[in-house]
Amino acid sequence: MRSILTASVRNRSGLALLATLLVLTVMAVLVAAAVKASMTAVRTAGIEYNEARVFYAAEAGAEAALSQLKLALQDGFLADGELENISPPALDEFNFDSFSVIRRGAAVVDTISDGPYAGLYALTQNVDIYSLAADDGGNAAGVILDAKAQAIPIFQFGVFFEEDLEATNGPPMTFVGRVHSNGNIYLSSANAWYLEMITTPNKVFHNRKDHNRVLDGVFIFNPELGDTVQLDFDSRTHPGAEAFKAMSELRFASQLRTDAFDTDSLRLPLPPGVPAIELIRPRDPVGDGDAEKSVKFAWNADTYVTVDLVNTTSHGLGCGAIPAVVSPPPDLPTITIERFGRPTPTGGELCAMFYWNWSAFYDGREDELKDVLEIDLQEIDNWVAGDPNRAMELIYIEFINPGGIGLYSVDTRNAILDADVDPAVRLRKGSELPNRLTVATDWPLYVQGDYNSNDKKPAAVAGDGVTILSENWDDDPYNRPEDEDFEMCNGTVSYKNPCPFYVAWAADWEHREAGETTVNAAILAGHWPTPCDWIETGCPADGSSTWYHDWYGGGIENFPRFLEEWRAGGDRVVFHYKGALVSPFTSQQTTGTWNGDYYVPPQRDWWFDIDFRDPEKLPPGTPNVGYVVRTAMREAF
């Protein structure tokens, strides 16, 4: 019996051991499976993580290319070399062996369909950005970003300001045309009507900038109502983005757009760091790169006129106003003309079209006698005579200025009664232009009388400041000293010492009555801004009107400038204007502040020239502003 029991126990022990071994085996299998599953999950997670990393790297490469594309378009033009130079970012652990920015199709004139610039046209170039990123582990991902690079001709805007825009007109003003400022916009007037969209990437203030005054006569067109609606709110009363957007939608169907709408700045057509005033500056063969050469008026001119005020010539050998105002006559600047692949006027032909006039007239705002290169557009028309090979379509004027009268002879100083050289350009007899025409200089420019009013052609004027002289303007006897004053000043003028007779004359100068005048041309010029907002801490204005006559920049209503009494018998004289008003910079030469004493403002009949919405009717040399829009992004397989 004992042996049987012993055997039974042994058998049960063997079964237990076997069962234990079986359980351990199963557990081992389960543990191994769990470990394997865990390792697989880790590896899978690692793969997904690495794939996500390379995808985001590829996306970052596309975004970097888009940013560079925006910079390349700042001059309004995409060159092949600019596209080739767009490069991927430097990211540790990733390489971009497959990366390219490629044009898709030809550039086309395209109407912008949405956003704040909807309705404008642009020279549109479709661009594909290919960005493929890879890491050291063999993981790779790619994206394709589609974008539109749009060059928008700047003269499509009725008003375009790079800096703060102030609109505080006195006499009634109705303005047709898009209004844009890259700075703030100040709207305060008793009688102003804006019939198209107003945009800024900054703020709109229903107030003056120079002092605390709100006038409730500003009206903005609501296309849904078909009528204008009064402006009664601004970025201070509704500082929150959603609140401002809601009011703009309610009042104006979103025709007034600020940073609350994420409105973009429009990039001026120059490389980063290059000031906007370079648009009107002379050619600089050393300092100007390809981007500057592609947009500056001076480099695009077919007629380049140089007025050398340092190396003068005798009166008999130069181009000067006749008769001379002093005897013996003063020396004259040397005037030369370059034409690029076109016939060049010489001798008497040149002097009939371009001639010099010392102390030509008095500018009451600047408080100085202007020394003027006169441009006789009737004479240019006679010389061109309809011959397209002779056409002068973009005229640029460069002055080589001595900065003083010290090097001049006594006879020449006698003709400069205010003892200072104040160069300027004046366009005369321009009621009918010889051809489509842009005239540009980096000095003050004056337009006298009707301009482009007959048989209207695409036209523009560009200068440091632009002043309109009416049909009634006459240098003699009202707007310059009499010949006798010149004679009495003989020998009295020296550096910084003006003629005493001139000083007395200027103190008694009074503006004269203007005549109804029409100008049809885009104007690109500097303006003189109000220095700071009266409400800002540290601004010297005290919120009152104390600073009004000394400090106010003049606003859009004094861009262009005026010098006469635009009033006859109590009625306002009308200034008819059709064009585009563009101010990308602060004036450097025309720095006299607005004060209201040197003129009486006109009745402003101002309209945007809708012809500029046709690309074929833009003035020669029209600058573009660059705008880049992403249209799609997808994964590349």
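**Disulfides in close-up**

The link of cysteine 319 and cysteine 351 is left-handed, with -65 degrees about the S-S bond. It joins distant parts of the chain, 32 residues apart. The model shown in these views is predicted.

**View 1. Cysteine 319 and cysteine 351 form a disulfide.** Their sulfur atoms lie 1.9 Å apart. Cysteine 319 sits in the loop between strand E16 (303-313) and strand E17 (332-339). Cysteine 351 belongs to helix H6 (residues 347-353). Cysteine 319 counts as buried because its relative accessibility is 7%, under the 20% cut-off. Cysteine 351 has 25% relative accessibility, so it counts as partly exposed.

**View 2. A disulfide pairs cysteine 489 with cysteine 499.** Here the sulfur atoms are 1.7 Å apart. The torsion about the S-S bond is -70 degrees, and the link is left-handed. Both cysteines lie in the loop between helix H10 (483-488) and helix H11 (500-507), 10 residues apart. Cysteine 489 and cysteine 499 are both buried.

**View 3. Cysteine 532 is joined to cysteine 539 by a disulfide.** The S to S distance is 2.1 Å. The torsion about this S-S bond is about 85 degrees, so the disulfide is right-handed. Cysteine 532, at 15% relative accessibility, counts as buried. Cysteine 539 also counts as buried, at 10%.

**View 4. The whole structure holds 3 disulfides.** Number the bonded cysteines in sequence order, and the pairing reads 1-2, 3-4, 5-6.

Notes
Residues numbered from 1 in each chain as written. Predicted model: local features only at pLDDT ≥ 70, side-chain atom pairs only at ≥ 80, totals over all residues. Heavy atoms only, no water. Disulfide = S-S within 2.5 Å. Helix = DSSP H or I, 4+ residues; strand = E, 2+ residues; numbered from the N terminus. Buried < 20%, exposed > 50% of the residue type's maximum accessible area, 1.4 Å probe, protein only.
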